[in-house]
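Please keep the sequence and the structure at hand while reading.

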Amino acid sequence: MVRALYTGWTGMVNEQKRLDIISNNMANATTVGFKKEGVTSESFKDVMAIKIRDEAAGWRKEEIGVMSPGVKLGEIYTDYTQGSVRQTDNTYDLAIAGEGFFEVSVKDRNGEEHIRYTRAGQFKITQDGHIVDTDGNNLRSESGELQVPVDAKNVTITENGQVYADGELIDKIVLKDFEDYDFLKKVGYTMYEPVNGAQQKDTTAEILQGYTEQSNVNIVREMVNMIEITRAYETNQRLIKSIDSTLDLAANTIGRVG
């Protein structure tokens with residue numbers, strides 16, 4: 001009986017965590033460059049069930065098989081599929097068509113610089129000509145950090161990343177890709193940082209100027225998943241109530257009769 005309570009509880013905890021992830025996906029359905037997350041569920045490792053000092057077995061321990069204590073959260077993963085692109089006609093809005101990431105330079109609170117990767121292509125120009133994202137992180141190029149002349153009247157960025165200011169080639173945007181995205185750690189909502197074992201590779205992705213890549217979250221699908229999770233949570237809840245009622249009956253009614 002008590003094991004059934006624990007099994008029901010693990011199911012409720014698992015569904016709550018799944019709901020948290022789906023809620024985060026839905027909250028970022030309009031976040032440029034956001035990649036939705038998913039989660040798997042798995043059972044705890046099976047354990048051996050043993051009858052201890054059973055009179056029917058001559059007061060000896062007897063193996064009766066294996067059982068699973070319940071369910072637990074498996075792996076939280078990121079879905080890197082391409083999101084739809086939206087035309088903005090803004091000079092520094094950039095979308096990536098294909099596999100790859102923009103490289104940006106991020107400074108932490110201690111002033112230390114970190115290189116991170118993103119597909120969120122909402123960039124803008126600063127007063128000194130640096131191209132930065134919405135948080136002020138510099139977009140990187142072959143020469144370091146991309147900077148264009150502030151007096152340039154026409155800035156054009158080609159599909160292969162070449163940057164022209166009034167018809168003159170000034171730099172080229174860096175795109176990076178990785179052999180295995182499992183070696184990328186998510187930082188914030190739209191940035192990624194490689195961990196030990198990450199290997200970069202060449203990318204054939206193209207840059208689309210005047211576009212942004214939207215979130216790849218499908219609201220309808222997430223709503224369906226949310227309903228399924230809610231039903232599974234309620235099922236585990238009813239299981240716990242049923243077992244609790246049975247235990248109450250055993251302790252307060254049957255026990256009193258005895």
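Thr-203 sits in the loop between strand 19 (200-201) and strand 20 (206-209). The model is predicted. A search of the whole structure finds nine salt bridges, and the structure also holds eight aromatic pairs.

- Between the C-alpha atoms of Thr-203 and Gly-98 the distance is 8.2 Å, although the two residues are 105 apart in sequence.
- With neighbours within four places in sequence left aside, Thr-203 is in contact with Glu-99, Gly-100, Leu-175 and Asp-177.
- A polar atom of the Thr-203 side chain lies 2.4 Å from the backbone oxygen of Glu-99.
- A polar atom of the Thr-203 side chain also lies 3.1 Å from the backbone nitrogen of Ala-205.

**Aromatic pairs**

- Of the eight aromatic pairs, one is formed by Tyr-80 and Phe-101, which is edge-to-face because the ring planes are at 85°, with the centres 6.4 Å apart.
- This pair links distant parts of the chain, with Tyr-80 in the loop between strand 4 (71-78) and strand 5 (85-87) and Phe-101 in strand 7 (residues 101-107), 21 residues apart.
- Phe-101 counts as buried, at 1% relative accessibility.
- Tyr-80 and Phe-101 belong to a cluster linked by ring pairs, together with Tyr-117, Phe-178, Tyr-181 and Tyr-192.

- Arg-18 and Glu-15 form a salt bridge through their side chains, at 2.9 Å from N to O.
- Both residues, Arg-18 and Glu-15, belong to helix 1 (residues 2-27) and are three residues apart, about one turn of the helix.
- Glu-15 is buried at 9% relative accessibility, whereas Arg-18 is partly exposed at 23%.

- In the salt bridge between Glu-213 and Lys-35, the closest N and O atoms are 2.4 Å apart.
- Glu-213 is in strand 21 (residues 211-213) and Lys-35 is in the loop between helix 1 and strand 1 (37-43), so the pair ties together parts 178 residues apart in sequence.
- Glu-213 counts as buried at 0% relative accessibility, and Lys-35 counts as buried at 1%.
- A network of salt bridges links Lys-35, Arg-119 and Glu-213.
- Glu-103 and Arg-140 meet through their side chains in a salt bridge of 3.2 Å, N to O.
- Glu-103 in strand 7 and Arg-140 in strand 11 (residues 138-141) are 37 residues apart, and their pair links distant parts of the chain.
- Glu-103 is buried, with a relative accessible area of 8%, and Arg-140 counts as buried at 18% relative accessibility.

Definitions and conventions
Residues are numbered from 1 along each chain as its sequence is written. This is a predicted model: local features need pLDDT of at least 70, side-chain atom pairs count only at pLDDT 80 or more; totals for chains, interfaces and linings use all residues. Side-chain values use heavy atoms; hydrogens and water are left out. Helices (H or I, at least four residues) and strands (E, at least two) are DSSP runs, numbered from the N terminus. Contact means heavy atoms within 4.5 Å. A polar contact is a pair of N or O atoms within 3.5 Å; within protein, one must be able to donate a hydrogen and the other to accept it, and residues adjacent in sequence count only if both atoms are side-chain atoms. Rings of Phe, Tyr and Trp (its six-membered ring) pair if their centres lie within 6.5 Å; planes under 30 degrees apart count as stacked, over 60 as edge-to-face and the rest as tilted. Buried means under 20% relative accessible area, exposed over 50%, partly exposed in between (1.4 Å probe, protein chains only). A salt bridge is a side-chain nitrogen of Lys or Arg within 4 Å of a carboxyl oxygen of Asp or Glu.
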